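Here is my note on the model, as requested. Please read it with the structure open.

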Amino acid sequence: MARPKRQEERRSQLVAAAQRAIAAHGPDGARLNRVAEEAGLTSGAVLYYYPDIDELMFEANRAGMERFYEERVRMLEALDDDPVLRLTALVDSGLPSGSDDTEVRLLCELGGSAGRNPLMASLLTTLYDRQVGMYQVVLEQGAARGHFALAQPSLVVARNLVALEDAYGYRIIAKHPMLDHAAARELLLAYARLATGHALTS
């Protein structure tokens, strides 16, 4: 039997509260009381909806990662079947909106804990590999249609693009004075131009 709509809404609110707690205190510091504080509830109320707090933490982490794969796949499906348009859209959507981007802050916190948390390491590795595959499909489509003249194998270019997203995203979250979304986007496109042989005009 499906959960009542109100219960599902409350669980979604708790996932969002857990994300904020992780972004503010790190995965190790986002304890039950801090999630409850973010949600404006008692610890008991949180446990009513999530008796296993580890399940809540897992859902918060998974939901935070959805933006950078599932949502981007849906975005690509909604665009015209143009590899050039799709590649620039991927670059746009892979960077934080600014230093206060909660979902990217969450991923930065998770990255810091991955070395001591095998589950987080596995989630982040899977996310990276899926994003690489997403880029790789677009690059290979562009090459097959004669739009791109790839300077390196598509896997190499895709891995570098995702790594650059991560690196510049971290710098934006860290409030680097010379890097915002627009500056990082142009730096990513500069590499993509060299890698694809296409002007990729904005």
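1. Basis. This is a predicted model, in which local features need pLDDT of at least 70 and side-chain atom pairs count only at pLDDT 80 or more, while totals for chains, interfaces and linings use all residues. Residues are numbered from 1 along each chain as its sequence is written, and side-chain values use heavy atoms, with hydrogens and water left out.

2. Domains. The protein chain falls into domain 1 (1-59) and domain 2 (82-201); such bounds come from an automatic or database domain assignment. Over C-alpha atoms, the two domain centres are 30 Å apart. Nine residues from domain 1 and nine residues from domain 2 make the contact, where contact means heavy atoms within 4.5 Å.

3. Domain interface. About 800 Å² is buried between domain 1 and domain 2, with 69% of it on carbon and sulfur atoms. Buried area here is the accessible area (1.4 Å probe) that two parts lose on being put together, summed over both. On the domain 1 side, A23, P27 and F58 supply 54% of the area buried against domain 2, more than any other three residues.

4. Make-up of the domain 1 side. Helix α1 (residues 5-29) gives the largest share of the side that touches domain 2, eight residues. Helices (H or I, at least four residues) are DSSP runs, numbered from the N terminus. By class, this side of domain 1 has five nonpolar, two polar and two charged residues. Ala, Val, Leu, Ile, Met, Phe, Trp, Tyr, Cys and Pro count as nonpolar, Asp, Glu, Lys and Arg as charged, and the others, Gly among them, as polar.

5. Helix α6. At the start of α6, a side-chain oxygen of D82 comes to within 3.0 Å of the backbone nitrogen of V84.

6. The structure holds ten salt bridges. D81, R86 and R145 are linked in a network of them: the closest N and O atoms of D81 and R86 are 3.9 Å apart, and R145 meets D81 at 3.0 Å, N to O. R145 lies in the loop between α8 and α9 and D81 in the loop between α5 and α6, so this pair ties together parts 64 residues apart in sequence. R86 is buried at 13% relative accessible area, whereas D81 is partly exposed at 48%.

7. D92 and R185. Their side chains form a salt bridge (2.3 Å, N to O). D92 is in helix α6 and R185 in helix α10, so the pair joins parts 93 residues apart in sequence.

8. Q131. Not counting residues up to four places away in sequence, Q131 touches F68, Y69, R72, V162 and E165.

Note on methods:
Helix = DSSP H or I, 4+ residues; strand = E, 2+ residues; numbered from the N terminus. Polar contact = N/O pair within 3.5 Å; in protein donor to acceptor, adjacent residues only side chain to side chain. Salt bridge = Lys/Arg side-chain N within 4 Å of Asp/Glu carboxyl O. Buried < 20%, exposed > 50% of the residue type's maximum accessible area, 1.4 Å probe, protein only.
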